[in-house]
Amino acid sequence: MTALQERPEQADRHDRGLSETDTERQSYLRAGHSLGSWFFTRDHKRIAILYLFAITAFFMIGGAAAALMRLDLLTSAGDLLTNEGYNRAFTIHGVIMVWFFLIPSIPNTFGNFLVPLMIGARDLAFPRLNLLSWYIFVLAGGFTLFVLIAGGVDTGWTFYTPLSSMFSHGNVVLAAVAVFIAGFSSILTGLNFIVTVHKLRCPGMTWDRLPLFVWAIYATSLILVLATPVLSITLVLIAAERLFGLGIFDPKLGGDPLLYQHLFWFYSHPAVYIMVLPALGVVSELVAAAARKPVFGYKFVAGSSIAIAVIGFFVWGHHMFVAGQSMYASAVFSFLSLAVAVPSGIKVYNWAATLYKGHISLDPPFLYGMTFIGLFVVGGLTGLMLAMLAVDVHVHDTYFVVAHFHYIMVGGTVSAFFGALHYWWPKIVGRTYPLVWGRLAAIFIFLGFNLTFFPQFLLGYLGMPRRYHVYAPEFQMLHVLSSAGASLLGLAYLMPLVYLTWSMRYGAPAGDNPWDATGLEWTTPSPPPKHNFDEIPVVDRPPYDYEIEMEGEDG
Amino acid sequence: MAETRSVAEPYRDARQQRDAAMLGMYVFLGSEIMLFGGLFAVAAVMRLLHPAEVVEASKALHVWIGAVNTAVLLTSSLFVALAVDCAKGGRRRGTGAWLFSAASLGAVFLAIKVYEYSLEHAEGLLPGLGAPLKVSTPVQRAFMDLYLVATGLHALHLLIGILLLLVIAIRAASGRLLLPERAIVPVTAGLYWHLVDVIWVFLYPILYLAR
Ligand code: HEM
Ligand SMILES: [Cu+2]
C-alpha cells in the first residue's frame with residue numbers, strides 16, 4: 001500500500017529528489033555519498049555491493065576468455081589462438097571463474113548482505129575484517145589478472161605437477177601467490193560467518209529456526225575455513241619447488257607428483273561444494289517463497305548441508321581414478337562419492353515435496369530456481385556416472401567431465417546466483433524490475449545453457465578430449481552447436497545487467513515485502529536502513545511459517 | 001564507562017563481544033591446523049612409503065638443539081599464560097613484562113634455529129641455497145626439503161607471534177590497552193602463541209625423533 005503512495009513521479013525522470021522515496025532517503029544506500037563512505041565502510045550491506053561489483057567484473061573477464069575459446073573451437077584447426085594462447089585462455093577462464101567468481105559469488109555478496117538481516121543482527125561479527133577481506137580479494141584478483149594476461153600461465157586451474165613445477169614456462173609462482181592471497185580472503189570471510197551465526201543470532205532465533213540459506217552459508221564457511229589452508233600449503237610447496245628446488249613433488253628428488261594431486265583435490269573437491277552449497281541454500285529460499293508453504297523436512301534440508309560439507313572432505317580420490325592410485329583406494333572413493341550424492345538428493349526430493357500442491361508463482365526468482373534444480377540434477381547424476389570406476393576410465397579428461405561440472409557450476413550455481421539477484425534485488429535497491437524481462441532472461445539462460453553444454457556430453461562420450469583446440473573433424477558439428485549456444489547464453493547473461501540497472505532509477509518502489517515472504521530480512525524497509533533494525537527483533541515462530549492454502553482445497 | 005566504551009557496533013554487551021573474539025580465534029586456529037596438516041600429511045606419506053630411509057634421514061638432524069628449542073618454547077608459553085593471568089587481574093606492568101619475556105624467548109628460539117640451519121648448511125644437508133648437497137638418498141633429500149619448509153613456515157608463524165606479543169606488551173604496559181576490560185586481546189594472542197608452540201611439539205618428534 002505504502003509502495004503506491006511513495007511511487008516516484010514517473011513523468012519527471014530527471015528530478016532525483018522526487019524519484020526518491022522516504023525509506024530510500026534513510027537507507028544504507030544514502031548513508032554517506034562520498035567515495036570514502038563506500039571504500040571504508042564497515043556496513044555489511046555496502047561491502048556486499050562492493051563484492052557485487054568486483055565479481056561482476058571478474059565474471060565478464062572470465063566470460064571473455066570463454067568466448068575466445070568457443071570462437072577458436074568453431075573449426076577443427078587451431079586458427080584463432082596459438083597452442084600456447086589456447087592454454088593460457090583456459091587457464092585464465094578457470095582460475096578467474098573458480099576463485100574470483102564462483103567461490104566468492106553467493107557467499108560474499110548475498111551472504112554478506114543477508115546473513116545479518118536474516119538472523120536479526122546489526123552486522124557481521126567482525127565488520128573491519130569483512131572490509132579487509134574485500135581488499136585482499138580485489139588485490140589478489142588484480143594481481144592474478146596481471147599475471148595471467150601479462151605473463152600467461154598454461155597449466156590450467158589445477159596447476160598439476162610436474163607440468164607446473166618442472167616444465168611450464170609461465171609465471172606459475174606468481175599465479176600461485178595470487179591464489180594464495182585470495183585464500184586469506186576466503187578464510188576470513190568464512191570465519192566471520194561462522195562466528196556471526198554462532199554469536200549474533202537475535203533472541204528466539206534458535207538453530208532450528210535459522211533460514212536454510214544461513215545453514216548453507218554456515219556449512220560453506222566450515223569448508224572455506226578448513227579446506228582453503230590445505231590449498232595454501234600446496235601452493236607454497238609448488239612455489240618452493242620452482243624457486244628453491246625443494247622437490248616434494250619431484251620424483252628425482254625423492255618426491256611424489258601424485259601427492260600434489262591428493263593435496264590439491266583434498267581442497268578442490270570440497271571447493272566444488274563451496275561453490276554449490278550456497279546455491280542450494282538460495283534455492284531452498286526460492287522454493288519456499290514460490291510454493292508459499294513451509295519447507296518439507298526442514299531439518300533434513302538443513303542437516304544435508306552439513307552432511308555434504310563433511311562427506312565432501314572424503315571423496316577427493318575420484319579425481320584420480322586413472323592417475324595410478326591404488327585400486328582399493330579407488331573403490332573406497334567411488335563408494336564415498338556415491339554416498340555424497342545422497343544429501344543432495346534429499347534436498348531435491350524435499351524441494352519437490354515442498355512444491356507439491358503449493359500455490360506456485362512463476363515469478364523470475366522461481367524460474368531461476370527451477371533452472372537450477374533441473375540442471376543440478378543432470379550435473380549430479382552425471383557426477384554419479386563419473387564416480388563409477390569403469391565409466392570414468394572411458395570418459396576421464398574428456399568433454400563429458402567438462403559438461404558435468406558446467407552443469408553444476410554454471411547451470412546450477414550461476415543460475416542460483418541470478419535467482420538470488422532477482423529475489424533479493426528489491427530488498428537491495430528498494431525497486432522492482434520488470435517481471436517480463438526477468439522471465440525472458442531466465443528462459444534464455446536455460447535454453448542457451450543447454451545448447452552450449454549438452455553437446456559437450458556427447459562430444460565427451462564420443463572421445464573428444466578436454467583442453468585441445470585442434471580436434472578430429474567429425475566433432476565439428478557438435479562444437480559449432482556448443483558455440484552457438486554460448487552466444488545465446490552470453491547475451492542472456494547480459495540482459496539482467498540492463499533491466500536491473502534501469503530499475504534502480506525507474507522501477508516502482510518495492511515496499512518491505514514484495515514477494516510476501518517470511519524471514520526477518522523482509523521485515524525491514526527496502527532498502528534497509530544502515531543499522532538494519534531499529535530494535536533487535538525477537539523471533540517467536542518456526543521458519544517458513546506460511547499459511548497453507550492448498551491448491552486442491554480452494555477450488 | 002570503560003565498559004560501554006569497549007563494546008563495539010554489532011554487539012549487545014561486552015560478554016557477547018568477548019565470546020565472539022574467542023570463537024573467531026579458535027576458528028582461525030582451526031584453519032592454521034589444516035595449513036600445517038598438509039605438511040603433516042606429506043610427512044606421513046613419506047614415512048609410510050620409505051620407513052627405513054626416513055629414519056636414516058632423521059638421524060642427521062641435531063636432536064639436542066631441537067630439544068633445547070622445545071624447552072625454550074614451552075617456557076615461553078608458560079610466560080604467556082602468566083601474562084594472561086595478570087591481564088585478567090588488571091595488572092598492567094606484569095602483563096607487559098611477561099609478554100615481553102615470552103617474546104624474547106621466541107627470539108631466542110629463532111636465533112638457535114638460525115644457528116642450527118647454519119650448521120646443517122655447513123654439513124651439506126640444507127637444500128635450497130645452491131650449495132652442493134651431501135645427501136645419501138633421494139628420500140633424505142625429500143626429507144630435508146620437508147624439514148626446511150615445515151620449520152621455515154613455523155618460524156614465520158613464530159615471528160608474527162613475536163611481533164604481536166611485543167605490540168600488546170607495549171600497549172598494555174603504557175596503559176593504552178584497557179585492562180582488565182580488554183583482557184581478551186592478550187588472551188586471543190596467547191591462544192595463537194600456544195598453537196604455534198603446540199605445532200612445534202608435533203614437528204619435533206615427527207622430524208627429529210623419527211630416528
Ligand atoms: C555438487 C557440485 C559439484 C561440482 C561443482 C562439481 C565439479 C566438478 C569439477 C570442477 C570437476 C572437474 C575437475 C577437473 O578435472 O578440472 C569434476 C569432476 C568430477 N566430478 Fe564433480 N562436481 C560436483 C558434484 C559431483 C558429484 C555429486 C559427484 C559424484 C557423486 C561428482 C563426481 C565427479 C567425478 C568422478 C569427477 C572426475 C571426473 C574425471 O576427471 O574423470 N561430482 N566435478
Ligand atoms: Cu570431486
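Predicted model: local features only at pLDDT ≥ 70, side-chain atom pairs only at ≥ 80, totals over all residues.
What is the make-up, by class, of the shell around ligand 1? There are 12 nonpolar, six polar and two charged residues in that shell, where Ala, Val, Leu, Ile, Met, Phe, Trp, Tyr, Cys and Pro count as nonpolar, Asp, Glu, Lys and Arg as charged, and the others, Gly among them, as polar.

Residues are numbered from 1 along each chain as its sequence is written, chains are lettered from A and ligands numbered from 1 in the order in which they are written, and side-chain values use heavy atoms, with hydrogens and water left out.

Of the 20 residues around ligand 1, those that come nearest are S337(A), D392(A), H396(A), H404(A) and R466(A), a residue being near if one of its heavy atoms lies within 4 Å. Helix α15(A) gives the largest share of the shell, five residues; helices here are DSSP runs of H or I, at least four residues, numbered from the N terminus.

That helix, residues 399–429, also holds H404(A), whose NE2 is the single protein donor to the iron atom of ligand 1, at 2.1 Å; donors are N, O and S atoms within 2.8 Å of the metal (3.2 Å for Na, K and Ca), and since water is not among the atoms, sites may look incomplete. The copper ion, ligand 2, sits 4.4 Å from that iron atom.

Finally, the predictor assigns the complex an ipTM of 0.91 and a pTM of 0.93.

Terms used: Helix = DSSP H or I, 4+ residues; strand = E, 2+ residues; numbered from the N terminus.
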